[in-house]
Amino acid sequence: MTERKGRFKVDFLLELERVIQEKWENSKIFEEDAPEDEASMEKFFVNFPYPYMNGLLHLGHTFTLMKCDLAVGYQRLKGKKCLYPFGFHCTGMPIKACADKLKREMEQFGFPPNFPEQVEEVIEDVREATIPKDKSKGKKSKLVAKSGSAKYQWQIMQSLGLNDEEIKPFADAVYWLNFFPPLAKRDLMKLGLHVDWRRSFITTDANPFYDSFVRWQFLRLRDRGHIQFGERYTIFSPKDDQPCMDHDRASGEGVGPMEYTLIKMKVLDPVPKVLEPFEKKSIFLVAATLRPETMYGQTNCWLRPDMDYIVFETNSGEIFVCTYRAALNMSFQKMTADVGKVAVLAKIKGEQILGATLHSPLSSYSPIYALPMLTIKEDKGTGIVTSVPSDSPDDYAALRDLKNKAALREKYGIKDEMVLPFEPVPIVEVPELGNLSAVYACDRFKIQSQNDKDKLLEAKELVYLKGFYDGILLVGPHQGKKVQDVKKVIQKEMIQASQAVVYMEPEKTIISRSGDECVVALCDQWYLDYGKGTWRERTTEALAKTETYHDEVRKNFAATLDWLKEHACSRTYGLGTKLPWDEKWLIESLSDSTIYMAYYTVAHLLQGNTFDGTGENTLGIKADQMTPEVWDYIFFKEAQLPTTAIPEEKLRIMKREFNFWYPVDLRVSGKDLVPNHLTYFLYNHVAIWPNEPNRWPQAIRANGHLLLNSEKMSKSTGNFLTLSEAIEKFSADGMRLALADSGDSVEDANFVEAMADAGILRLYNLIDWVKESLATIDQLRDSEYTFNDQVFDNEMNLKVTETNQNYDRMLFKEALRTGFFEYQAIRDTYREISMGNMHKKLILKYIETQAVILSPICPHIAEHVWQLLGRKESILKCQWPSVPEYDSVLISAGVYLDQAAHEFRLRMKAYLASLTSKGAKKGAIVPTEKPTHGTVWIAKSYPTWQSIILTLLQEKYNQDGVMPDNKWLSSELSSKPELKKSMKKVMPFVQVAKEKVAKHGIRALNLTMDFNEAEVITKNIEYLTATLDLEGLNVLYSDDPTADEKIKEDCVPGVPHITFRYQPGVSINFLNPQPLSGLFEVKLAVMQGDTPAKLASRLVKHHKQIKDPKRVSLWRYQDPVLGPRKIPTCDDLERDKIRLTETHTFLVNLENKTVAVEENGTQVDIGSSLTYIV
């Protein structure tokens, strides 16, 4: 990250923001209550998932929560009553785990701790709360990325700037709840969020009101049959001795249990020597497979020679051989005598049991043998793999290698009879791939050996997908049936015959926040029965009614609804709310955070302006009075008035708040929460309000992750910014602008510091320009609108309309483009084309509308500009600008002028380049003088051959609704005799026409323009003359007799042409007699037909301090010879001089080098000098 040279502009903005935030806070501008008449106005209720309070908020949080704030800022302008509350999540393991680590470190290393130099344990970093994580990028786990160089929790706390005495209280988990939420609020207030802070709270039983609310929620979920108890497979942390849900993980969010069939391959005599001590019992090599239906095709089993395996006994008295990792999973699934404990009978290497004789269930071969495979992974399955070469490309390639390489067999002591007789067995018929699909795929992809990993991956994707969905079983009692129909049936039959067992392990590696690798355990637990019949159907219905803004997000929700099943909602360790009917369990963090938005609607009436609800609240209600029946009355339409000490009037106030604000109109979150938190959000709303769909969520906006300077944020690399650091570095509005500009899609967004710096400069310059403009506003023109005034006015109307549409679709990067960058661009163009002669009313309209449409993104700057305009009421209370419908024809004319000026400048540049021999084309006539004049050529119509093409394209488009293909066009156009002479140019012209249609629509094919081109150019002759640095321009049509063939060819409607020429003149002196004026003698050329006004404009080009040529008056001497020689008199500058008016015309004699003026039909010689007075 780069260092900034100076901070003046940032400090200016920070001070401006501080003053404005203080004003907002004093006026309580963001505090909103439900109106007495609930139907009196529209509302907008937005929510950001409350962040976890184990550290400071960072830029990743800010990117997402800003989308809520931008939406609120916009909806306020649309006249809606807006609520943006903000809570703080403390439920779960991380805070408790970090507090306990600090306690252990003090016990082990004293106070202050004296740590050893070498540290192996990696402790999770407190500085980062729940960060949306891009699972597709980076190999570091979240745990490693967070820890940076700090290894102990104490060191991590020190990296926050805390000293030893300040760290000590953090050993108490409750201290965290009081420390970080106020810091989060402080930083968010500095950001200028539109938040009603009265409604803020912390979770867990530390807040008795919220605790009561969550207990009510779970009682009602249980009453409606959505919570069950029983043994379920779940991700489990052995170290924490409890289930490990998504928010408890350092890595592996969203990963669930994967079910395998554990195939028991019995070891036959002769038993390998290392297994002889156990030969009195049944010994099995156990392999985990996802495809039990393919076991008919087994030819062998694979082991990795250098892999570590263990021998252990199951609770059924059988001996299993596999990796320790797999055995631990089996133990937690109650396959060993002591759950969670593996009694290791022996440790062996794979090479020690190679060649073992085996009997495998369903195999066409018996016996089969244990053979070497070098690519088996330790973190997947059991380390033992069944080999089905007919349907597994990996197996076929490895078996073929062993068959073809005698040296390989010899190396591992594998006899020929263990390999050579075994051929792939046809077991599944796959359309297009045959009955030996793996053999087919290996041949198709030209796989030479088991080391062709990339090709094997392609082959597997082809074979496994088609095999499962389209394959037909050829063998066994289920032959003739589809593979997908018999897979579970065959698994069940094998289990019943004691040939296999169900085995589960995590789909991918999961690391808990305590640092251990998780397993799949079979646990007694309370769980939410997601995925169940009617509940799922109603949730699917809710999703259909929810705006998701992106198809990808909707598809992710639909996919999650397809696979999501039971979710463990209880734990025994951490912070949270106790299950009301079984208080030894705590409700976990993904389960107490699904409908808390309903609590926001009444939180300000209960919390008493404290996070933990300990303050005296406005209604005088105690937490123990909030019984389930009271909550029912507040939240349920048909609920009866409860028996309670709370007065009915106060109950009605709370019910009115809920009825007005609910449902949630918008929830914004990271896309990685779709498979869990956001789907639970939908499920629980459906469960609590099953008969009130009007209470279900209205919209969910999921965004991608945030990169910082095109790289993933990481403390270990220093590419990281907390919210407070970012505000200090870029100011609130500077950061808000950069975040809005970072991206709108579900793909990763990018916060670029250089862009933030550029944004700061733009904002500062905007304020500067507004101050300067308002200071000189009365000097601006206040007459009738000119052409350029009308264009600017309409362009403002267009940009305001486009910006409104972009905000409405939550496309904030686009809103910033149209409502700030392009809005400034049209102002700059207007200023340039009007040559500073701008209209007072339009400049005031621009400043006012710019402030309003920018206010959702940069509210502090907008508020300041609003104050500069003299407005007393806050800009946050104003309405979106009401603008008339824009005139698209007028805007097109403005674009035409801009493009024409640009093209003319390019042609002038080329013309000037041709003045040198280097710039001239070979054989071309080289101009010798810089041009003084030009002619703009305008076409009334297209050349005949082009008109024919455009007419045909229009007719075909109107007939078919699409542009015709080139093949048809070529055939059609080649048959037209009018085009024969131009045939080489026909298809290139067609291509250009098609590109114009793609960009501008079918109107690009119009044969004439919607406006008068000559009129537009003529009205702006002064600007074009100035921008081209010419002395004069005239306008002619391309059918004029003086136009050459090239002009007639190049000039078409909408594309004017320009030619340049040099007009000679006679140079004379222009003298200024005004004392102390700073205006000196200038020598300028006078040309035939010049007027005093033209000469004044020419003079202004040389004297930049003269802004307006109309202030310049020209005078000739009565005596053109002696006049210039006389000493001027300061008291009478006009003595012996005659003023030149617009009735005078200059006449030039190039041969004699003399200049005269025509006065009343006579020529008067002016000599070699004129005077000018400003």
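**Domain 2 against domain 3**

Me: How do you know that domain 2 and domain 3 are in contact?

Reply: Contact means heavy atoms within 4.5 Å, and by that rule seven residues of domain 2 are in contact with twelve residues of domain 3. This is a predicted model, in which local features need pLDDT of at least 70 and side-chain atom pairs count only at pLDDT 80 or more, while totals for chains, interfaces and linings use all residues. Residues are numbered from 1 along each chain as its sequence is written, and side-chain values use heavy atoms, with hydrogens and water left out.

Me: Where do the bounds of domain 2 and domain 3 lie?

Reply: Domain bounds come from an automatic or database domain assignment, which gives 747–885 for domain 2 and 892–917 + 925–1061 for domain 3. The centres of the two domains, taken over C-alpha atoms, are separated by 34 Å.

Me: How much area do domain 2 and domain 3 bury between them?

Reply: Buried area is the accessible area (1.4 Å probe) that two parts lose on being put together, summed over both; for domain 2 and domain 3 the value is about 750 Å², with 71% of it on carbon and sulfur atoms. Of the area that domain 2 buries against domain 3, Phe787, Ile833 and Met835 supply 67%, more than any other three residues.

Me: Why is the pair Arg905 and Glu832 called a salt bridge?

Reply: The term requires a side-chain nitrogen of Lys or Arg within 4 Å of a carboxyl oxygen of Asp or Glu. In the pair Arg905 and Glu832 the closest N and O atoms are 3.8 Å apart, so the pair meets the rule. Across the interface of domain 2 and domain 3 the rule finds one salt bridge.

Me: Which helices supply residues of the side of domain 2 that touches domain 3?

Reply: Helix 24 (787–808) and helix 25 (812–833) each supply at least two residues of that side, where helices are DSSP runs (H or I, at least four residues) numbered from the N terminus.

**Backbone points**

Me: What makes Met810 worth a remark?

Reply: Most residues other than glycine have a negative phi, and most peptide bonds are trans. Met810, which is not a glycine, has a positive phi of about 60°, and its place is in the loop between helix 24 and helix 25.

Me: Which peptide bond ending at Pro270 is cis, and what is its omega?

Reply: The bond from Asp269 to Pro270 is cis, with omega near -5°.
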